[in-house]
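Subject: Structure handover

Hello,

I am passing a structure on to you, with notes on what was found in it. Please look at it before reading on.

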There are 4 protein chains.
Amino acid sequence: MNQQLSQLLQECLEKGSKEDLETLTYAIEGIHQKVIGKKRTYLEGLAHMERKLDQKSCEISIPLHSLFENSLGILHGGITATILDTAMGVLANYLLPNGFSSVTNQLNIHYIAPGVGDFLRCRAELIHQGKNTLIISGEAYRSDGKRIAHATGTLFIIKNKESGGK
Amino acid sequence: MNQQLSQLLQECLEKGSKEDLETLTYAIEGIHQKVIGKKRTYLEGLAHMERKLDQKSCEISIPLHSLFENSLGILHGGITATILDTAMGVLANYLLPNGFSSVTNQLNIHYIAPGVGDFLRCRAELIHQGKNTLIISGEAYRSDGKRIAHATGTLFIIKNKESGGK
Amino acid sequence: MNQQLSQLLQECLEKGSKEDLETLTYAIEGIHQKVIGKKRTYLEGLAHMERKLDQKSCEISIPLHSLFENSLGILHGGITATILDTAMGVLANYLLPNGFSSVTNQLNIHYIAPGVGDFLRCRAELIHQGKNTLIISGEAYRSDGKRIAHATGTLFIIKNKESGGK
Amino acid sequence: MNQQLSQLLQECLEKGSKEDLETLTYAIEGIHQKVIGKKRTYLEGLAHMERKLDQKSCEISIPLHSLFENSLGILHGGITATILDTAMGVLANYLLPNGFSSVTNQLNIHYIAPGVGDFLRCRAELIHQGKNTLIISGEAYRSDGKRIAHATGTLFIIKNKESGGK
């Protein structure tokens, strides 16, 4: 372990509350998932995303954790947006033929209820698949079953660059 | 250091690439900022948010880092949403009289260009302050000056609960 | 008939094409519906709106007519917005208790396909009913069954002013 | 004048209130403008739209008239949407090179204040011009200067079909 990292950890362990240490462990666990290849991105690890995908929908769930709380102590709405957008993007890429992927062009979110409880579950479903765009809806639910957000987004279809060479 | 944490770190150090270790350090640095009281929330620390606030706008900047990249290796649009929403919320709370705060009711984001470069800078400005809601715009720029997103949001004004007794 | 009206009509009849006269008749028919009390507003008459309302949804249909075409000769998207917003508002007012009504606070519309064919049918359904707002979705279909727009809106709940005394 | 039209007018004149007749005249005046070639579409005539266009913005104004009121006696929000969308589309088409035009792909409107007073003035400005889309903002003001709505929209750029023949 390099000195910087070692020193940071030392100070966290000395000065941190129980919640601080628990949160630190949670974050490192998440990054570890990426390191060992169980998650595709650091963010996917950090948020402990789990995904379920079928031909009509994509669901992504995360535990609710103080790591992603806003200053009011509830889930930050931007993280809800992140999980919704991820589910929408995964569904889009699943639906598109080989050689095409998607980028979010526009996202509209109605926030309905505070993000509290044990977990967040976001479900994306196709509204319309066109030649240039997909329109996808996203619903966010918390562990007591209450819907906390409703989103719709426009995703642009892009042709992947040739990966070439191999 | 407890055993779980110690083991996770050990495995990250052994199996991780140079980028993995750098990212791990970046995340721990962020949480450390919260531990030592320099940031209000873990997320603010994790994203290394810096804020500037005046009477007419709020700016929040973050370095761009692999920690927040999507599977295409560019800034995840949900993180752009998170920083925009944070800037809008901070501005709203600044503008409201004592005893009132705000919650995001609706957020619409147009994504314009990929989030690449050194940093992201999000600037929130008031469009309208009403009796029940605020309408606030948010612009996101990257380090080369290019605008990468344009947002508008409706924020509900809520009366803070009495902190009571003391 | 006063002179101004008489002169306008005379000129329309002399100079107008067959389509012009048909459109003129269509507009006057619509206003006539309001005059004889079959429609609540001039706009409802002008657009020849027909509504169906049940406890879970409101549907408003209009014939497609050159009166509401844009410069490309297809239904103007603003008219689609008008019919969607009307259906959403009628549903909201139906769902609210006596003494309360609603005003549209925010409306987001995804346009999917051109408005052509014989008629437009817009269907509003409740997404969420809260203490201060309703979130309502709206779908617009054309006569061949194709969906041409998907909308969501936030409607504010307002207390009606006392009608007082009488 | 054919019999149907004549009969409709007769009944409006006999049964209509002063407001009914004034509204009827207003609508016929509008359609007359299209008949004599002073407006491009019936809707442009009906709403009595006036446009101002420069290289950076497009403004469209309409008188406020009972013809476009909702059941509360204020300007119908869908008509505000119609004028905003028209201004945005006119600006887009002005900015695009010959052979290209635009269609609205998505429109988000925040309603701020009731549409009352003498007229409505909508002003569209460019936010971003990309390869495939334009993002345009629209502000709606009433005659006392108060802003009543703020909109943003995504407009798709489409290649015009060859007009052929020549």
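Confidence

This is a predicted model. Its scores are ipTM 0.95 and pTM 0.95. In chain A the mean pLDDT is 94, and 96% of the residues of chain A reach 70 or more.

Chain A

Chain A contains 4 helices and 6 strands. Read from the N terminus, their order is α-α-α-β-β-α-β-β-β-β. Along the principal axes, the C-alpha atoms of chain A fill a box of roughly 55 × 50 × 25 Å.

Chain A with chain B

How many residues of chain A are in contact with chain B? There are 51 from chain A, and they meet 51 residues of chain B. The two chains, A and B, bury about 4600 Å² between them, and carbon and sulfur atoms carry 69% of that area.

Between chain A and chain B there are 16 residue pairs in polar contact, counting pairs with both residues at pLDDT 80 or more. The count of salt bridges between chain A and chain B is 0.

On the side of chain A that touches chain B, at least two residues each come from helix H1 (3-15), helix H2 (18-35), helix H3 (42-46), helix H4 (77-95) and strand S3 (100-111) of chain A. H2(A) has the largest share of that side, with 12 residues. By class, the side of chain A that touches chain B is made up of 24 nonpolar, 19 polar and 8 charged residues.

Chain B with chain C

Chain B and chain C bury about 510 Å² between them, with 54% of it on carbon and sulfur atoms.

Which three residues supply more of the area that chain B buries against chain C than any other three? They are B:Asn105, B:Gln106 and B:Phe156, which together supply 62% of it.

Across the interface of chain B and chain C there are 0 salt bridges.

In chain C, the axes of helix H1 (residues 3-15) and helix H2 (residues 18-35) come within 9 Å and cross at roughly 145 degrees. On the H1(C) side the contact has C:Leu9, C:Cys12 and C:Leu13, and these meet C:Leu21, C:Leu24 and C:Ile28 in H2(C). The contact of H1(C) with H2(C) has 6 nonpolar residues, with no polar and no charged ones.

For chain D, the axes of helix H1 (residues 3-15) and helix H2 (residues 18-35) come within 9 Å, crossing at roughly 145 degrees. There D:Leu9, D:Cys12 and D:Leu13 of H1(D) meet D:Leu21, D:Leu24 and D:Ile28 of H2(D). By class, the contact of H1(D) with H2(D) has 6 nonpolar, no polar and no charged residues.

Regards

How values were computed. Residues numbered from 1 in each chain as written. Chains lettered and ligands numbered in written order. Predicted model: local features only at pLDDT ≥ 70, side-chain atom pairs only at ≥ 80, totals over all residues. Heavy atoms only, no water. Buried area = accessible area lost by both parts, 1.4 Å probe. Salt bridge = Lys/Arg side-chain N within 4 Å of Asp/Glu carboxyl O. pLDDT = per-residue confidence, 0-100. Axes fitted to C-alpha atoms, helices over the stretch in contact; angles between N-to-C directions. Contact = heavy atoms within 4.5 Å. Nonpolar A, V, L, I, M, F, W, Y, C, P; charged D, E, K, R; others polar. Polar contact = N/O pair within 3.5 Å; in protein donor to acceptor, adjacent residues only side chain to side chain.
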